[in-house]
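Good morning. Please take a look at the sequence and the model on the screen, and then we will go through them step by step.

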Amino acid sequence: MPTDAPAQPVDLAAAAPPAPPRGKVRGTLGGRIALVTTIVALLTAATVAAVSVPQIQAAAQSEGQQYLSRTADTLSGALDTGGNPFSQLSGRAQSGVQSGQIQVQFVSPGGQVPDYLSPANVSQLTSSGTLSTVVQTESGPLYVEGRVLAGGAALLMTEPQSVAGLNVGRDIARLLLALAIGVAIAIISGLILAR
């Protein structure tokens, strides 16, 4: 039935579903960005540490063994030529010998060898004239360098692996500090980006 009443205007804004608050959307997105940035930074730091720490330890052990080997070569060469052996050692080696970190021992031909040497070690030393190995002792791994001198006696030099790798802890601490700084920078950058 027709009516003369005017048509009521339709409020389209009221009919439409309410839009979510803009600040809430930005906050959720920003939080996700910051969280992802933090996770990526932590995973990267953990990966770098897992790869680098064993390499640092291996490099320090190799350097310690090589240093003791060079010291044994210098000392045995000085003894064979009749010179003053300790005057030819480096300051680090002399300090190590004086403090007892590097032990020097002479074994006369046919004499009693130390207990830390196995029959295989003795056989290698007598057959080749040199010995470079790591033996396990009650106090930990021990670097061993042996040289047969001109008169038939054997020169044995030992150094604990823990002493040879004293700088390992310092190098690892520096690496972890650098990684921590990198993670902190990444987190701060993620928070700034999220805002």
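I start with a definition: a residue is called buried when its relative accessible area is under 20%, exposed when it is over 50%, and partly exposed in between, using a 1.4 Å probe and counting protein chains only. By that rule glutamate 145 is buried, with a relative accessible area of 0%.

Some notes on where the numbers come from. This is a predicted model, in which local features need pLDDT of at least 70 and side-chain atom pairs count only at pLDDT 80 or more, while totals for chains, interfaces and linings use all residues. Residues are numbered from 1 along each chain as its sequence is written, and side-chain values use heavy atoms, with hydrogens and water left out.

Now the overall picture. The protein chain has six helices and four strands. Helices (H or I, at least four residues) and strands (E, at least two) are DSSP runs, numbered from the N terminus. Along the sequence their pattern reads α-α-α-β-α-β-β-β-α-α. Of the 195 residues in the protein chain, 27% are buried. Accessible areas come from the Shrake-Rupley method with a 1.4 Å probe, and for residues only the protein chains shown count as cover. The accessible surface of the protein chain is about 12700 Å², and 61% of that belongs to carbon and sulfur atoms.

Next, the sheet. In general, strands of a sheet pair through backbone hydrogen bonds, either parallel or antiparallel. Here, two strands pair if DSSP finds at least two bridges between them. The four strands make an open sheet in the order β1-β4-β3-β2, with antiparallel pairing. Which strands stand at the edges? They are β1 (103-107) and β2 (130-137), and each has a single partner strand, so one side of each is left without a neighbour in the sheet. From one strand to the next, the twist averages 25°.

Let us take the pairs in turn. β2 and β3 (residues 140-148) run antiparallel and are joined by eight bridges. A hairpin of two residues links β2 to β3. Threonine 137 stands opposite glycine 140 in β3, and serine 132 stands opposite glutamate 145 in β3. On to β3 and β4: these also run antiparallel, with seven bridges between them. Leucine 142 has proline 160 in β4 as its bridge partner. The hairpin of β3 and β4 has five residues between the strands, and in it glycine 152 takes a positive phi near 100°.

What lies across β2, β3 and β4? Helix α4 (residues 119-128) does, and it runs at about 170° to β2. Axes are lines fitted to C-alpha atoms, for helices over the stretch in contact, and angles run from 0 to 180 degrees between N-to-C directions. Contact means heavy atoms within 4.5 Å. β3 is mostly covered, with seven of its nine residues buried.

Side chains of opposite charge can pair when their charged atoms come close. A salt bridge is a side-chain nitrogen of Lys or Arg within 4 Å of a carboxyl oxygen of Asp or Glu. The structure holds two salt bridges. One is between the side chains of arginine 147 and aspartate 73, at 2.7 Å from N to O. Arginine 147 lies in strand β3 and aspartate 73 in helix α2, so this pair ties together parts that are 74 residues apart in sequence. Glutamate 145 and arginine 147 also meet in a salt bridge, at 3.0 Å from N to O. Through shared partners, Asp73, Glu145 and Arg147 are joined into one network. Arginine 147 is buried, at 6% relative accessible area, whereas aspartate 73 is partly exposed, at 41%.

Last, two spots on the helices. Isoleucine 187 is in helix α6 (residues 166-194) and is partly exposed, at 27% relative accessibility. Leucine 43 is in helix α2 (residues 22-81). Is leucine 43 buried or exposed? Leucine 43 is exposed, with a relative accessible area of 54%.
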